[in-house]
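Good morning, and thank you for coming.

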Amino acid sequence: MSGRHAHMGMSVTISEAAEQDAEQIFRLQYLCFQSEAALYGNYRIDPLVQTLDSVREEVAADCVFVARLGDEIVGSVHGQISEDGTAAIGKLCVHPRLQGHGIGARLLRAAESALAGERGARTFRLHAGHRSESNLRLYSKVGYQRVGTSQGSDGVPMIVLEKQAEAYATTA
């Protein structure tokens, strides 16, 4: 089996989530966010208490992208635009066995370009838990800057990061 892992990152495709993907996204979030919950000793974080119906609604209404390896969904990200042109990006997750292949960055890029291109986003905003080192590293690598902190609804202190969408205006 281990021989397959070397080129796995190459065959992963990113696409917009379809309605029938909701169940796999739901299961993947649950799997991925267990480790995040353990990091904070808090099992009430949003992705762990979200219902399948709620995931279905997000897929239908918002900007949700998935990473696929064959038929398996191995990553997902959720984006939502607010009235003021700020796009909130969240619930970025990649299957534990596929982390470190740049899939998270590809999902972020897909969500950003769709939110800017199709929905007119001017600013991207995301939240990261203060102990989530790998997420914070990824976000700063792709151009996000820390703009402040907030308290999650679940009580976890979050770092708020933002990035301007100008870069996408030229390519759209």
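I shall go through the sheet, then the helices, and then a few individual residues.

First, the basis of what I say. This is a predicted model, in which local features need pLDDT of at least 70 and side-chain atom pairs count only at pLDDT 80 or more, while totals for chains, interfaces and linings use all residues. Residues are numbered from 1 along each chain as its sequence is written, and side-chain values use heavy atoms, with hydrogens and water left out.

UniProt, in an unreviewed entry, places the feature "domain: N-acetyltransferase" at residues 12-166; its positions are given in the numbering used here, feature names are shortened, and annotations may be inferred rather than shown by experiment. Over residues 12-166 the chain is 37% helix and 34% strand, and the end C-alpha atoms are 28 Å apart. Helices (H or I, at least four residues) and strands (E, at least two) are DSSP runs, numbered from the N terminus.

Let me turn to the sheet. Seven strands make up an open sheet with mixed pairing, in the order β1-β2-β3-β4-β5-β7-β6; two strands pair if DSSP finds at least two bridges between them. The edges are held by β1 (13-16) and β6 (145-151), each of which has a single partner strand, so one side of each is left without a neighbour in the sheet. On average, neighbouring strands of this sheet are turned by 25 degrees against each other, direction ignored. Axes here are lines fitted to C-alpha atoms, for helices over the stretch in contact, and angles run from 0 to 180 degrees between N-to-C directions.

Now the individual pairings. β1 and β2 run antiparallel and are joined by four bridges; Glu16 has Phe65 in β2 as its bridge partner. β2 and β3 also run antiparallel, with seven bridges between them, and Phe65 stands opposite Val77 in β3. These two strands form a hairpin with two residues between them, and Gly70 in the turn has a positive phi of about 65 degrees. Six bridges then join β3 to β4, again antiparallel, with Ile81 opposite Ala87 in β4. The hairpin of β3 and β4 has four residues between the strands, and Gly85 in its turn has a positive phi of about 85 degrees.

How well covered is β3, and how many of its residues are buried? The strand is mostly covered, with seven of its 10 residues buried. Buried means under 20% relative accessible area, exposed over 50%, and partly exposed in between (1.4 Å probe, protein chains only). Ser76 lies in β3 and, at 2% relative accessibility, counts as buried. Beyond its neighbours within four places in sequence, Ser76 is in contact (heavy atoms within 4.5 Å) with residues including Ile25, Phe65, Cys93 and Leu107.

Helix α6 (residues 133-141) lies across β4, β5, β6 and β7, and runs at about 160 degrees to β5. Arg137 has its place in α6 and is exposed, with a relative accessible area of 55%.

Which residues of helix α4 are buried? In α4 (residues 52-61), they are Val55, Glu58 and Val59. Seen down the axis of α4, its buried residues fall within an arc of 100 degrees, so they line one face of the helix; the arc is that of the directions from the helix axis to the C-beta atoms. On the other side of α4, Asp53, Glu57 and Ala60 are exposed. The buried residues pack against α2 (22-40), β2 (63-69), β3 (72-81) and β4 (86-94).

Phe26, in helix α2, is partly exposed at 25% relative accessibility. Leaving aside neighbours within four places in sequence, Phe26 is in contact with Gln50, Thr51, Leu52 and Val55.

Finally, the aromatic rings. The structure holds one aromatic pair. Tyr139 and Tyr144 form this pair, which is edge-to-face, at 6.1 Å centre to centre and 65 degrees between the planes. Rings of Phe, Tyr and Trp (its six-membered ring) pair if their centres lie within 6.5 Å; planes under 30 degrees apart count as stacked, over 60 as edge-to-face and the rest as tilted. Tyr139 is buried at a relative accessible area of 5%, and Tyr144 is buried at 3%.
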